[in-house]
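Reader: I would like to learn how to read a structure feature by feature. Can we take one and work through it together?

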Amino acid sequence: MRHVTQEGLDLIKRFEGFSPEVYICPAGYPTIGYGHLIRAGESFTVITETQAEILLKRDVNAAERSVLRLINIPLTDGQFDALVSFTYNLGAGALQRSTLRRKVNRGEHAAVPAQFMRWVWAGGRKLNGLVTRRLMEGKTYIALF
């Protein structure tokens, strides 16, 4: 199975940030580490960066599988990394129902960065952090294209 590059993993870590304690993300979900959404049956109070990296890699693996399932054209490493970052942040359902996915699968690569920018809202508010993240995902997507 294909995996995100170290640069892609670093991109996700940069925008998720590390929190050793549980917090509520802008979308309203309990979260810890590098953006790990706490699921039913999981219980955390404090975690280390090492523990957070283990959770991150597990969660990224799910995002990788989703991208591989939903995208049916060959991708460069940058394209794959950008789509995995997007999917990690928003979930496979967002990618599955998006115009972004349709543009990628049609090979309309020049249109993809603008599609990333449609996903900058959380909890009904436009977030500067998401604007910056989507700009970087768009740049990563077209970097080697």
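Reader: Leaving aside its neighbours within four places in sequence, which residues is Leu 9 in contact with?

Author: A word first: this is a predicted model. With sequence neighbours within four places left aside, Leu 9 is in contact with Val 4, Leu 56, Lys 57 and Val 60. Leu 9 itself lies in helix α1.

Reader: Is Leu 9 buried or exposed?

Author: Read the relative accessible area against the cut-off: buried means under 20%. Leu 9 has a relative accessible area of 8%, so Leu 9 is buried.

Reader: What order do the strands of the open sheet have?

Author: For a sheet, read the order of the strands and then the sense of each pairing. This open sheet has three strands in the order β1-β2-β3, with antiparallel pairing. β1 and β3 stand at the edges with a single partner strand each, so one side of each has no neighbour in the sheet.

Reader: How many bridges join β1 to β2?

Author: Three bridges join strand β1 (residues 19–24) to strand β2 (residues 30–33). Ser 19 has Gly 33 as its bridge partner in β2, and Tyr 23 has Thr 31. Thr 31 also has a bridge partner in β3, namely Leu 37. Strand β3 (residues 36–37) pairs with β2 over two bridges, again in the antiparallel sense.

Reader: What is there to read in the turns?

Author: Read the number of residues between the strands, then look for a positive phi. The hairpin of β1 and β2 has five residues between the strands, and Gly 28 in that turn has a positive phi of about 95°. The hairpin of β2 and β3 has two residues between the strands, and there Gly 35 has a positive phi of about 80°.

Reader: How much space lies in the largest pocket?

Author: About 800 Å³. Of the 33 residues that line this pocket, Glu 16, Leu 37, Tyr 88, Asn 89 and Leu 90 are the closest to its centre. The lining divides into 19 nonpolar, nine polar and five charged residues. Elements that each supply at least two lining residues include α1, β3, α2 and α7.

Reader: Which polar atom of the backbone lies 2.8 Å from the side chain of Thr 140?

Author: The backbone oxygen of Met 136 lies 2.8 Å from a polar atom of the Thr 140 side chain. Thr 140 is found in helix α7 (residues 128–142). Apart from neighbours within four places in sequence, Thr 140 is in contact with Leu 11, Gly 78, Gln 79, Asp 81 and Ala 82.

Terms used: Residues are numbered from 1 along each chain as its sequence is written. This is a predicted model: local features need pLDDT of at least 70, side-chain atom pairs count only at pLDDT 80 or more; totals for chains, interfaces and linings use all residues. Side-chain values use heavy atoms; hydrogens and water are left out. Helices (H or I, at least four residues) and strands (E, at least two) are DSSP runs, numbered from the N terminus. A polar contact is a pair of N or O atoms within 3.5 Å; within protein, one must be able to donate a hydrogen and the other to accept it, and residues adjacent in sequence count only if both atoms are side-chain atoms. Contact means heavy atoms within 4.5 Å. Two strands pair if DSSP finds at least two bridges between them. On a 1 Å grid over the protein atoms alone, a cavity is a set of points where a 1.4 Å probe fits but cannot get out, and a pocket is an open set with protein on both sides within 12 Å along at least five of seven lines; lining residues have an atom within 4 Å of a point. Grid points are joined across faces, edges and corners, and a volume is the space filled by probe spheres set on the points. Ala, Val, Leu, Ile, Met, Phe, Trp, Tyr, Cys and Pro count as nonpolar, Asp, Glu, Lys and Arg as charged, and the others, Gly among them, as polar. Buried means under 20% relative accessible area, exposed over 50%, partly exposed in between (1.4 Å probe, protein chains only).
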